[in-house]
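Colleague: I am new to this one. Could you walk me through it?

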Amino acid sequence: MQHTPFQQNSSPSDRDIVVSIRNGNTDAYALLVSKYQTKIYSIFFRSVQSQAIAAELAQDVFLKAYEKLEQFSQEKQFSSWLNAIAINTLRDYWRKDGKNASFMDELDGNHTICHCTVETDVLKNKLMQVVQQLPVLYREALLLRYRDDLSIKEIADSLGIGESAAKMRLKRGVEIVSATVGGNYE
């Protein structure tokens, strides 16, 4: 096994790791997998509710990313590029499965323990229903922002759109949810 030049430096940047891989140090890819595997797996698990399928889809993402590493632009964030591959993989999964959705049940209350009032539970359930009914472009933007806490730039990069388009999708998604639920959530 090759030793990576990163062993003395405990936290190399993603760009440094990619450059090292492109220069022949294929073992360095394990650093990227280790760094992002939990996040990528979580995206799939929240959507498909199956550990086995989520693990398989996450593995597919890392394989695709490795195979397309030469296409990665150093001007972008690796995490956003990887998210874009994950989103497209999830879209493909749902298409093959015959479902017209990309994210489903991510906001399900079963993922977090909450001691909420009845009113809060009712509002939360209503919000989940509204978000699930949103057109995919708004739903994905909202979930990337409010569930995954991505910045506007990261959302834009992940979805392969401009920052103004990402802002508009978020704004329209929030407007639809707010109008449907009957409150102001901006």
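Predicted model: local features only at pLDDT ≥ 70, side-chain atom pairs only at ≥ 80, totals over all residues.

Modeller: Residues are numbered from 1 along each chain as its sequence is written, and side-chain values use heavy atoms, leaving out hydrogens and water.

Colleague: How many helices does the protein chain have?

Modeller: Helices (H or I, at least four residues) and strands (E, at least two) are DSSP runs, numbered from the N terminus. The chain has zero strands. Its helix count is eight.

Colleague: How are helix 2 and helix 3 oriented to each other?

Modeller: Helix 2 (residues 29-48) packs on helix 3 (residues 51-67) at about 140°, with axes 8 Å apart. Axes are lines fitted to C-alpha atoms, for helices over the stretch in contact (heavy atoms within 4.5 Å), and angles run from 0 to 180 degrees between N-to-C directions. Angles under 35 degrees count as roughly parallel, over 145 as roughly antiparallel, 65 to 115 as roughly perpendicular and the rest as oblique. The two helices are therefore oblique.

Colleague: Which residues of helix 7 are buried?

Modeller: Buried means under 20% relative accessible area, with a 1.4 Å probe and protein chains only. Helix 7 spans residues 152-159, and its buried residues are covered by parts including helix 4, helix 6 and helix 8. They are Ile155, Ala156, Asp157, Ser158 and Leu159.

Methods. Buried < 20%, exposed > 50% of the residue type's maximum accessible area, 1.4 Å probe, protein only.
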